[in-house]
Amino acid sequence: MVENRELPVKFKAQINGLLSEGEIPLAWFSPDLDSRLHFAYGLVVLTNRTLISIQPRPQAKHYAFSRSFISEFLRRTKKKDALDSDRVYMTYSLNSIVSLRVTEHKGIGTLHLLDTSHLLTQWKFTASQKLHAHLLVERFLEVKESGKEKADANLSLSEITPGVPRDGEHAVLLDYAPAAAPPPARSLFRLFKFARPWTGMVILGFLLSVGSIAAGLVPPYITMPLLDKVLIPYQSGTTVDFHLVGWYLFGLAAASLLAWVLGWARTYVLAWVSERVSANLRTITYTHLHRLSIEFFGEKRTGDLISRVSTDSDRICYFLSVYLMEFGSDVLMILMTAGILLSINPFLALVTLCPFPVILWLTHRVRTVLRRGFSLGSRAWADMTSVLADTIPGIRVVKAFAQEQREIDRFQVCNARVLQANDRINTTWSFFGPMVTLLTDAGLLIVWIFGAWQVFHHHITVGVLTAFLAYIGRFYARLEAMIKMVSAVQRTAASAHRVFEILDRVPSVPEVVNPIIPGRFRGEIEFRNVGFRYGSRRVLDNVNLKIRPGEMIGLVGPTGAGKSTLINLVCRFYDVFDGAIMVDGIDIRRFSIEGYRHNIGIVLQESFLFYGTIAENIAYGKPDATRSEIIRAARAACAHEFILRLPDGYDTLAGERGQFLSGGERQRIGIARAILIDPAILILDEATSSVDVETEKEIQRALENLVQGRTTIAIAHRLSTLRRADRLVVIERGQIIEVGRHSELLEKRGSYARLHRVNLEMAQSMAQG
């Protein structure tokens with residue numbers, strides 16, 4: 001485990017020089033990116049008193065802390081030798097640290113260090129350091145909770161004002177929910193709101209549970225008179241009424257049969273409810289995923305989301321249908337048994353509970369360790385699922401580059417992390433389970449000792465002791481089962497926490513309270529002082545443009561200029577930071593999202609096809625389309641002929657992501673899909689960039705049919721595909737620098753003319769080749 005990893009040799013001497021007497025390294029990780037996201041390897045070490053950071057010295061213009069600040073820090077800590085020409089050494093007292101959090105955004109992780117008022121510093125790292133960063137945070141939380149850290153003379157950095165982080169860095173902390181906090185068991189209580197539609201069945205299940213447990217407690221009670229009034233007197237030579245034996249045996253049989261019937265009914269009812277609660281949770285989670293913005297999916301890995309919706313929800317389902325039902329029965333059994341024991345003999349009942357406080361204390365200690373272990377295991381499992389989600393769809397690339405062994409090694413590393421997390425849990429559990437059994441056995445021994453003493457002194461009868469032992473056996477058996485359920489509770493709590501992390505996310509593109517439900521747009525689009533940024537990087541700045549209804553606009557410019565961002569804003573995948581986008585004179589944020597997007601058709605660089613038939617993929621935007629409408633759209637997209645050549649025509653399976661079709665065929669199906677919904681606004685994002693010249697001509701013919709009578713915004717690096725555009729808009733560095741027709745822009749001899757010249761040279765070289 002990470003706590004036992006040896007410190008890197010190149011840092012060991014420096015770390016030992018910074019440790020005070022009695023200070024022990026507990027965990028470490030190596031941030032491998034600097035603030036500019038350049039590779040720069042450092043070290044963050046957690047001890048039982050401090051957090052130590054060793055980082056490469058940044059350039060002066062990126063210096064987070066002034067030299068005078070560090071000198072003052074070192075003077076106060078009396079460690080002047082810690083400052084050298086290559087690295088910056090910082091020490092943070094654990095007493096001054098309020099929070100240590102890990103966030104992730106687009107594959108880049110950030111470890112944030114906060115005190116009571118502001119962000120102290122942050123370290124950035126790649127995915128290779130993700131697990132070690134989380135382990136360091138887990139260890140930090142253990143130290144803080146257990147109180148192992150001690151107040152010492154280390155300098156609290158809150159006494160000195162550090163450099164204020166840049167807006168972008170602070171925005172990362174505010175915009176993305178922290179993921180490092182351990183999942184509280186109270187996440188389980190939030191599941192009960194999903195059972196509200198079946199409240200009546202829950203109450204019925206509870207009543208059946210009470211009845212079945214009460215019936216199950218009757219037989220030991222009947223054994224008391226059976227022993228004291230029949231069997232023991234008969235053994236002593238006393239005459240007894242054997243008719244009583246029949247009644248007692250009948251009572252035992254009737255109670256057992258009633259307990260079985262009620263138990264069967266309880267199991268069926270509660271299992272029925274739990275399955276519907278779980279199904280409801282899965283549906284709500286999946287529905288909420290669709291309501292989240294594109295930004296959310298950029299932060300998460302596909303495998304992680306699949307793991308949350310499938311594996312975690314399945315774990316919750318199993319808990320609700322099996323463990324929760326058993327837990328409820330155990331609690332009722334313990335309470336009712338305790339009541340009977342107290343009514344039989346209060347003194348003996350109190351003696352029985354001697355091991356109980358020790359068991360409760362042990363459970364509390366183990367619960368914290370298991371909770372964090374299962375949280376870590378869930379993340380490791382999600383990472384392993386993400387490898388599968390990356391590799392299986394990209395299997396052609398893996399095989400084409402002969403990287404099978406590399407992917408196997410990646411999977412083995414993730415699988416080893418799952419094994420490591422499970423070993424940590426099993427180490428704890430292997431001690432806890434037998435210890436609880438030992439304590440319950442000790443409790444039974446105590447009952448025998450005190451019970452025998454009371455029988456010898458004629459305080460109780462043998463029948464009472466026998467019944468008492470029968471009840472105490474059930475009491476300890478249920479108590480042991482309930483205590484051992486801590487593992488399932490903490491595992492499910494971790495899963496519930498991961499599911500609620502999705503449900504608690506608020507879309508960054510919100511629906512207005514009273515939205516306008518649009519009809520069909522005329523297609524006038526206006527950008528008014530539009531600005532947008534990703535984190536701290538400004539992508540669009542003061543964009544102003546008005547597009548007339550039915551006009552075709554071509555967006556051109558170098559890679560990274562902001563063209564795709566502009567159409568993402570038109571589609572409302574993101575909302576503008578500054579200004580507004582108007583459609584038919586109304587801010588698009590006032591429309592309902594669904595109604596607005598029904599007016600937009602989009603053809604991407606690579607059309608995504610779902611697993612299904614060709615007809616189903618064409619009709620994806622209009623599921624109720626007739627076969628004649630589908631064929632008409634396919635004809636307009638120049639796809640009808642090649643579809644008829646397929647084995648089953650329109651009923652041919654496209655395969656996962658359309659793998660049985662060529663790139664040009666997939667693109668024409670994507671165009672047919674856009675034609676079928678008859679959009680007022682059309683977006684073409686590099687629709688012909690990934691096909692050959694002949695296929696491009698066919699797609700161009702299809703696009704000519706598609707753009708007729710629609711407001712069209714097209715992006716293309718091949719300028720030849722934009723010849724039919726009414727106007728060309730040249731974007732550079734997030735700003736519009738030229739607008740006009742093809743001939744007009746060539747006469748200006750500006751950026752467009754330069755791009756056109758480069759395109760011609762590339763076309764000529766390809767023709768010669």
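The crossing of helices H7 and H9 is right-handed. This is a predicted model, so keep in mind that everything here is computed. The axes of H7 and H9 come within 9 Å and cross at roughly 155°. Angles over 145 degrees count as roughly antiparallel, and H7 and H9 are therefore roughly antiparallel to each other.

Who does the touching? From H7 (residues 243-291), the residues in this contact include Leu270, Val277, Leu281 and Leu289. From H9 (residues 302-344), those meeting H7 include Leu305, Ile316, Leu320 and Met325. Sorted by class, the contact of H7 with H9 has 10 nonpolar, seven polar and three charged residues.

Next up is H15, which covers residues 486-503. H7 and H15 have axes that come within 9 Å and cross at roughly 40°, and the two helices are therefore oblique to each other. Their crossing is left-handed. On the H7 side, the contact is made by Leu281, Ile284, Thr285, His288 and Leu289, while H15 brings Val499, Ile502 and Leu503. That contact has six nonpolar residues, two polar ones and no charged residues.

H15 also packs against H9, at an angle of about 135° and with the axes 9 Å apart. H9 and H15 are therefore oblique to each other, and their crossing is left-handed. H9 supplies, among others, Asp304, Arg308, Asp312, Arg315 and Phe319. H15 supplies residues including Arg491, Arg498, Val499 and Glu501. The class count for H9 with H15 is nine nonpolar, three polar and seven charged.

Some names turn up in two of these contacts. Take Leu281: this H7 residue is listed in the contact with H9 and also in the contact with H15. Val499 of H15 is listed in the contact with H7 and in the contact with H9. Ile316 of H9 is part of the contact with H7 and of the contact with H15.

**Rings that pair up**

How many aromatic pairs does the structure hold? There are 12. A pair of aromatic rings is described by the distance of the centres and the angle of the planes. Here are two of the pairs side by side:

| Pair | Centre to centre | Angle between planes | Type |
|---|---|---|---|
| Phe29 and Phe125 | 5.4 Å | 85° | edge-to-face |
| Trp264 and Tyr268 | 6.3 Å | 20° | stacked |

Phe29 sits in strand E1 (residues 25-29) and Phe125 in strand E7 (residues 119-125), so this pair ties together parts that are 96 residues apart in sequence.

Trp264 and Tyr268 both lie in H7, four residues apart, about one turn of the helix. With planes at 20°, the pair is stacked, because planes under 30 degrees apart count that way. Trp264 and Tyr268 are both exposed.

Ring pairs also link Phe521, Phe591 and Tyr596 into a cluster.

**Ala714, tucked into a strand**

Ala714 belongs to strand E15 (residues 711-715). Why does Ala714 count as buried? Its relative accessibility is 3%, and buried means under 20%.

Which residues does Ala714 touch, leaving out those up to four places away in sequence? They are Met552, Ile553, Gly554, Leu555, Leu684 and Leu722.

Finally, look at a backbone detail. Asn542 has a positive phi of about 55° although it is not a glycine. Asn542 lies in strand E9 (residues 537-547), and at 47% relative accessibility it counts as partly exposed.

Asp678 has a positive phi as well, near 50°, and is likewise a residue other than glycine. Where does Asp678 sit? Look in the loop between helix H21 (663-676) and strand E14 (681-685). At 38% relative accessibility, Asp678 counts as partly exposed.

Key: Residues numbered from 1 in each chain as written. Predicted model: local features only at pLDDT ≥ 70, side-chain atom pairs only at ≥ 80, totals over all residues. Heavy atoms only, no water. Phe/Tyr/Trp six-rings, centres within 6.5 Å; stacked < 30°, edge-to-face > 60°. Buried < 20%, exposed > 50% of the residue type's maximum accessible area, 1.4 Å probe, protein only. Axes fitted to C-alpha atoms, helices over the stretch in contact; angles between N-to-C directions. Parallel < 35°, antiparallel > 145°, perpendicular 65-115°, else oblique. Left-handed = near helix turned anticlockwise from the far one by under 90°. Contact = heavy atoms within 4.5 Å. Nonpolar A, V, L, I, M, F, W, Y, C, P; charged D, E, K, R; others polar.
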